[in-house]
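Hi,

Here is the structure I promised to pass on.

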Amino acid sequence: AHRSAIENGGHTIAVIGTPLSKAYPAENAPLQERIWREHLLISPFEEGQQVYRSNFPQRNRVMAAISDATVIVEASDTSGTLHQ
């Protein structure tokens, strides 16, 4: 969705579950950097903070707080999207 928005001249906001300087998964680093430079990248985590799976519900709460609606296309029964 982020790539599509950028490629079509739109704007995007990404909320990540890591500090701003860390990309997860690592292969998303170029996209994350582009969003940081040209759009808006948000993280509820301080620099140097450890990354744990348990961080992602906090990220999801931030996404829910800044959104009017959320569309979840696919998620497992244990997905953090249930918190959102």
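A quick definition to start: I call something a salt bridge when a side-chain nitrogen of Lys or Arg sits within 4 Å of a carboxyl oxygen of Asp or Glu. Bear in mind that this is a predicted model, where local features need pLDDT of at least 70, side-chain atom pairs count only at pLDDT 80 or more, and totals for chains, interfaces and linings use all residues. Residues are numbered from 1 along each chain as its sequence is written, and side-chain values use heavy atoms, with hydrogens and water left out.

**Salt bridges**

The whole structure has 2 salt bridges. One pairs Glu33 with Arg37, with 2.7 Å between the closest N and O atoms. Both residues belong to helix α2, 4 residues apart, or about one turn of the helix. (Helices are DSSP runs of H or I with at least four residues, strands are runs of E with at least two, and numbering goes from the N terminus.) Arg34 also forms a salt bridge, with Glu38, and there the closest N and O atoms are 3.0 Å apart.

On accessibility, buried means under 20% relative accessible area, exposed over 50%, and partly exposed in between, using a 1.4 Å probe and protein chains only. Glu33 is partly exposed at 36%, whereas Arg37 is exposed at 57%. Arg34 comes out partly exposed at 38%, and so does Glu38 at 48%.

Not counting residues up to four places away in sequence, Gln32 touches Ile16, Leu20, Lys22, Ala23, Tyr24 and Leu41, where contact means heavy atoms within 4.5 Å.

His39 lies in the loop between α2 (29-38) and β2 (40-42). The His39 side chain reaches the backbone nitrogen of Thr12 at 3.4 Å. Beyond its neighbours within four places in sequence, His39 contacts residues including Ile6, Gly10 and Arg34.

**Pro57**

Pro57 is in helix α3 and is buried, at 14% relative accessible area. Its C-alpha atom is 12 Å from that of Ser43, 14 residues away along the chain.

Cheers

Conventions. A polar contact is a pair of N or O atoms within 3.5 Å; within protein, one must be able to donate a hydrogen and the other to accept it, and residues adjacent in sequence count only if both atoms are side-chain atoms.
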